[in-house]
Amino acid sequence: MDNKTKELIQGSTYYTITQDPFLGGLVQELTVKFNETQVPTAGITFNKKMSKYELYLNPKWFSTLKLEERSAVLLHEVMHFTNKHLFRLPFLDIEDKERQLYNVAADMAINQYIRNLPKGCIDVKDWKLKDGNKFPTLRTMEEYYSLIKENQDANKDKIQEYSEKPFDQHDWDKLSDDEEERMLKEAKDLLKRTIEKTIKDF
């Protein structure tokens, strides 16, 4: 990682802390990795080998964003963690196509709480029910997944678009019992460190 890239993520993280000290502190506790070839934009995942939560960023894409947009991306990824999407999706026995729809639903559930997201992010306001009305707001990932499934014909273009080019990418493969235990333990430790840091900084 070159100095320019380091400054980019550090500046974005510090700005995020000024917007939300807890979520910004949570970003600081993640292992950040840059990948230009496998990650088109960003993603958060649990590294089963290292027992660590990792935040992946494509530096070329990330560097094109404004500061507020970079901060919004960081918030987007950590909100997958705080909303426990990483603890639910790996345990669903479903095909990859269904996982893609769950990923759309997860993004839909959290994006409505985040300002300054870059173009291309999923917006619940763009999705329609069969009767032409817009999707309701403030629902969970599971609720939006059901709405997407029930209203596929009304949103087929968007489903196709996001299936071919998702905003972010996650490794949400099924976990063994041991991997699940390590994942939950690291989540507790991660939250504990973040809480302690947040309280200390105040």
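These notebook entries record what I looked up in a predicted model.

**Entry 1: helix 1 and helix 2**

I began with helix 1, residues 3–19, and helix 2, residues 21–29. Their axes come within 6 Å and cross at roughly 155°. Angles over 145 degrees count as roughly antiparallel, and helix 1 and helix 2 are therefore roughly antiparallel to each other. I noted the crossing of helix 1 and helix 2 as left-handed.

I then listed the residues that meet. From helix 1 they are T13, Y14, T16, I17 and Q19, and from helix 2 they are P21, G24, G25, V27 and Q28. By class, this contact of helix 1 with helix 2 has four nonpolar and six polar residues, and no charged ones.

**Entry 2: helix 4 and helix 6**

I turned next to helix 4 and helix 6, whose axes come within 10 Å and cross at roughly 110°. Angles of 65 to 115 degrees count as roughly perpendicular, and helix 4 and helix 6 are therefore roughly perpendicular to each other. In helix 4, H76, M79 and H80 meet A106, D107, I110 and N111 of helix 6. I recorded the classes in this contact of helix 4 with helix 6 as three nonpolar, three polar and one charged.

**Entry 3: the nonpolar cores**

I looked up the largest nonpolar core and found 32 residues in it. Y53, L57, F62 and F81 have the most contacts inside this core. Several elements give two or more residues to it, among them helix 1, helix 2, strand 2 (42–47), strand 3 (52–57) and helix 9 (177–201). Helix 4 gives the most to this core, with seven residues.

Not counting residues up to four places away in sequence, F81 touches L26, I44, Y53, L86, F87, A187, L190 and L191. I also noted a second, separate core of 19 residues, which includes Y144, L147, I159 and Y162. As background, nonpolar side chains tend to be buried together in soluble globular proteins.

**Entry 4: D126**

Last, I located D126 in the loop between helix 6 (96–111) and helix 7 (141–150). Its relative accessible area is 38%. Buried requires under 20% and exposed over 50%, so D126 is partly exposed.

I then asked which residues D126 touches, not counting those up to four places away in sequence. They are N155 and K158. D126 and N155 are 29 residues apart in sequence, and their C-alpha atoms are 9.0 Å apart in space.

Notes:
Residues are numbered from 1 along each chain as its sequence is written. This is a predicted model: local features need pLDDT of at least 70, side-chain atom pairs count only at pLDDT 80 or more; totals for chains, interfaces and linings use all residues. Side-chain values use heavy atoms; hydrogens and water are left out. Axes are lines fitted to C-alpha atoms, for helices over the stretch in contact, and angles run from 0 to 180 degrees between N-to-C directions. Helices (H or I, at least four residues) and strands (E, at least two) are DSSP runs, numbered from the N terminus. Angles under 35 degrees count as roughly parallel, over 145 as roughly antiparallel, 65 to 115 as roughly perpendicular and the rest as oblique. A crossing is left-handed if the near helix is turned anticlockwise from the far one by less than a right angle, and right-handed if clockwise. Contact means heavy atoms within 4.5 Å. Ala, Val, Leu, Ile, Met, Phe, Trp, Tyr, Cys and Pro count as nonpolar, Asp, Glu, Lys and Arg as charged, and the others, Gly among them, as polar. Buried means under 20% relative accessible area, exposed over 50%, partly exposed in between (1.4 Å probe, protein chains only). A nonpolar core is a set of buried Ala, Val, Leu, Ile, Met, Phe, Trp, Tyr and Cys residues joined through side-chain atoms within 4.5 Å.
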